Amino acid sequence: MARLMELYRLMARIRAFEEVALVAHAAGELPGYLHPSIGQEAVAAGVCSVLRRDDRITSTHRGHGHALAKGADVRGMMRELFGRAGGACRGKGGSMHIADFSVGMLGANGVVAGGIPIAVGAAQGLRLLGSDSIVACFFGDGAINRGPFLEGLNWAALYRLPVLFVCEDNMVAAFTAARSVTAGPGVVARAESFGVAAESVDGNDVEAVAEAAQRLIACVRRGGGPRLLHARTYRLLGHTSTDEAAWRDPDEVAQAKANDPLVRARDRLLAAGVDGAVLDAVLAEARVEMEAARADALQAPWPEPAEAWEDVQDIGAEPVEQL
Amino acid sequence: MDASLLPPTATVETITLVEATRRAVRQEMRRDPLVWVLGEDVARGGIFGQYRDLVDEFGPERIVSTPISEATIMGAGLGAALVGTRPIIEMRIFDFALCAMDELVNQIAKIRYMFGGQAKPAVVIRAPHGLWRSSAAQHSQSLEAWFAHLPGLVVAVPATPADAAGLLVAAIRSDDPVLFFDPKALFGATGPVPQEIAPLPFGVARHVREGDDLTLVCWSSIVPEGERAAEALEREGIGVDLLDLRTLWPWDEAAVLASAARTRRLLVVHEAVRTGGFGGEIVARVVERLGPGALKAARRIGAPRLPVPFSPPLEEAMRVTEAKIVAAARSLLGA
């Protein structure tokens, strides 16, 4: 039960991070827009909980949960969302490009399936270095219709690379039901057609995700080549912070809310005898942590304008213009 | 004969450009176990022989023949760089790199910036480009200007065996991603190359010949045309100051400015389409820096805005040639 409690805490922190960020966005405190993963926390938490610190992940445009679950610094992340100095990426990337190499988080990605070739190459590089680290590659159900998914599966299988592909199937590709634009039986069959063993799991059951990921990662780390985990979940909010997703079937949304991964983990913990007040405290602590990160980000200075010229390239860097 | 089998006293020999690049790769792979090559058919030597026999020395884990999956060749090279290796990404010919534009333009060129400097993608992308033996529209392009325009990349456009070798060594050692345009038509060109290849700095033009009447700027496959044109013009009493830029980003602005300020006539020649080509950037920069009255005349020569045709007379008609350069130079001198 201690493990489920830790997973619950991690999911609560991811949920609170995004809820606080959405409030801040609505209040005009942070620029741009967000791609919230609310409802999908069990996938990030379950998979990353069984990774080692020196394992790597690649993520998607909906990547806050993956970064947090891999251990990225919360204040650095929040400052990044706010575009402030001290942000994880110095304010250059924002929500869509969170990365924290110190914990093996090789980056969110603004392009669907963009992380897949990077993940297989990272795995190939790790092998060349003689490392036994593995790479977990998160992508959505929309990504399986892009070429890099098919190329990357073939590539990883061909070279028997240490990659766990994680298809975070939230049933929707941006604004379109994924099944309406995907031919055939789906991601598991596509993986199996390349000889990549795959399994489907209830992606809102965080324990089931963690167990499946652990089992598959053990095979991957033993040199068994890539595996694919298909985690069925649901994106409770719209594509972005400005999309209310009002076009969705209200019954489907109501059902999904009842199937919220945090609610389900909570029910299981209550059934196991954990006091509800303890669980409430977990949620409250997560909220406090993230509100503190928001306050920290709000008081943080903006980057100096001249920093826009930094981190482009060493050779042939454009000189800073007089501002 | 394999140049590496020559006695050690022969520290400089004449070899082909393709052999020079092979020597550079072999030297750097011996020096640094983190350097490796991925691309189609590279374990078979590459289609031009750039990697001939290297798999015998370095094995299939470091000379990795890949599926025809350009997006993943490019993206996997990036991923491997992000964990600390130093891949050479072979694109077979440049035109195929167009299948990997997301990985090159959105990922490789941006990743250091987007992530606030957390990662330097130390990759070399080798992209043999340009006209070559009636290869038609999808195997002949020169799009180097696109990439000089793109923040984050270094763009190398060598024209001689020694420069190709030196720039390739520099590219492999660079932490910046380098797009290295092998000049396809010059793979067989010969020139002296040292046994031990030193890195050649980016952004330093080669002063091919000196002259007082006209500054001629070129790069890559057009350099030999420029040299022949300069010789022909000299026979007419026209002195040509000929610069081979060697790299387009960074490019040797100082050398071009100094020459143009002296000759006051500037002719930039490239194989790529003239419209939107890098020649326009050079002329504009010189005018900005020297002032509108500094030059008596300036002109760009490039291909007309046409796809490259197959049939030899059609290809010849649109190609930049010695004769076109000579004619343009004469008209500039009349200005």
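In what order do the 5 strands of the open sheet in chain A lie, and is the pairing parallel or antiparallel?

Tutor: This is a predicted model: local features need pLDDT of at least 70, side-chain atom pairs count only at pLDDT 80 or more, and totals for chains, interfaces and linings use all residues. Residues are numbered from 1 along each chain as its sequence is written, while chains are lettered from A and ligands numbered from 1 in the order in which they are written.

The order in chain A is β1-β2-β3-β7-β6, and the pairing is parallel. Strands here are DSSP runs of E, at least two residues, and helices are runs of H or I, at least four, numbered from the N terminus. Two strands pair if DSSP finds at least two bridges between them.

At the edges of the sheet are β1 (56–58) and β6 (198–202) of chain A, each pairing on one side only. From one strand to the next, the twist averages 20 degrees. Angles run from 0 to 180 degrees between N-to-C directions, with axes fitted to C-alpha atoms, for helices over the stretch in contact.

Now take one pair. β3 (residues 163–169) and β7 (residues 227–232) of chain A share 6 bridges in the parallel sense. Asp169(A) stands opposite Arg232(A) of β7(A).

Helices lie across these strands. Helix α8 (residues 206–224) of chain A lies across β3, β6 and β7 of chain A, at about 170 degrees to β7(A). Contact means C-beta atoms, placed from the backbone, within 7 Å.

Key: Two residues are in contact if their C-beta atoms, placed from the backbone, lie within 7 Å.
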